[in-house]
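Open the model in your viewer and keep the sequence beside it. The tour goes from one selection to the next and says what is found at each stop.

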Amino acid sequence: MVYWSPNLFVESKLLGKEKEIAENLQFGKRQKDIYCILLPQNPANLFEIMHINEMQFSYYKNRDMYILGLAGSHKGAVIMVCKIIAEAYKESKQPDIRSKYHNICQWKQVPNN
């Protein structure tokens, strides 16, 4: 099952396309140049960056995936992760990124926009 953050980070060139991207993912349509920032499967990591088409693999279809952000390139996703961490650090000088973003109680099966 795929869950979307209620405060989804979206790169400017993908703004307004969140629902279309979610529908394409749900129906197994391949998508070009879309990278997801995810909560990690491995608890030792902070985030994962994955091309959206990788989520079609059977390994991931049997797992809960939590999408925190969408970017149009891998480089854009890396920059977005840096911004996410910087934002968390700005809010508190010792950021607890795990507790900030890993609270999955409010996550939804469809993005807000």
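Start by selecting Tyr 60, which counts as buried because its relative accessibility is 17%, and the cut-off for buried is under 20%. Bear in mind throughout that this is a predicted model.

At 45% relative accessibility, Tyr 59 counts as partly exposed. Now select Arg 63 as well: Arg 63 lies over the face of Tyr 59, at 3.9 Å from the ring centre.

How many aromatic pairs does the count come to? The count comes to two aromatic pairs. A pair of aromatic rings is described by the distance of the centres and the angle of the planes. Tyr 3 belongs to strand E1 and Tyr 66 to strand E4, and the two are 63 residues apart, so that the pair links distant parts of the chain. Both Tyr 3 and Tyr 66 are buried. Go back to Tyr 59 and Tyr 60 for the edge-to-face pair, where the centres are 4.9 Å apart and the planes are at 85 degrees.

Next, zoom out and colour the protein chain by secondary structure. Four helices and four strands make up its secondary structure. Along the sequence they follow the pattern β-α-β-β-α-β-α-α. The chain has 113 residues, of which 42% count as buried. Among contacts with a separation of 6 or more, 67% are between residues 24 or more positions apart.

Select helix H1, residues 18–26. Which residues of H1 are buried? They are Glu 18, Ile 21, Ala 22, Asn 24 and Leu 25. Look down the axis of H1: the buried residues fall within an arc of 165 degrees, so they line one face of the helix.

Follow the chain onward from H1. Just after the helix, Gly 28 takes a positive phi of about 75 degrees. Further on, select Asp 33, found in the loop between H1 and E2. Its phi is near 55 degrees, a positive value in a residue other than glycine. Asp 33 is partly exposed, with a relative accessible area of 43%.

Now turn to the interior. In soluble globular proteins, nonpolar side chains tend to be buried together. Select Trp 4, Met 55, Ile 67 and Leu 70: of the 17 residues in the largest nonpolar core, these touch the most other members. E1, H1, strand E2 (35–38) and E4 each supply at least two residues of this core. Apart from that core lies another, of 15 residues, among them Ile 37, Leu 68, Val 81 and Ile 97.

Is Cys 36 buried or exposed? Cys 36 is buried, with a relative accessible area of 0%. Cys 82, by contrast, is partly exposed, with a relative accessible area of 49%. The structure holds zero disulfides.

Note on methods: Residues are numbered from 1 along each chain as its sequence is written. This is a predicted model: local features need pLDDT of at least 70, side-chain atom pairs count only at pLDDT 80 or more; totals for chains, interfaces and linings use all residues. Side-chain values use heavy atoms; hydrogens and water are left out. Buried means under 20% relative accessible area, exposed over 50%, partly exposed in between (1.4 Å probe, protein chains only). The arc is that of the directions from the helix axis to the C-beta atoms. A nonpolar core is a set of buried Ala, Val, Leu, Ile, Met, Phe, Trp, Tyr and Cys residues joined through side-chain atoms within 4.5 Å. Rings of Phe, Tyr and Trp (its six-membered ring) pair if their centres lie within 6.5 Å; planes under 30 degrees apart count as stacked, over 60 as edge-to-face and the rest as tilted. A charge sits over a ring if NZ of Lys or CZ of Arg is within 6 Å of the ring centre and within 35 degrees of the ring normal. A disulfide is a pair of cysteine sulfur atoms within 2.5 Å. Contact means heavy atoms within 4.5 Å.
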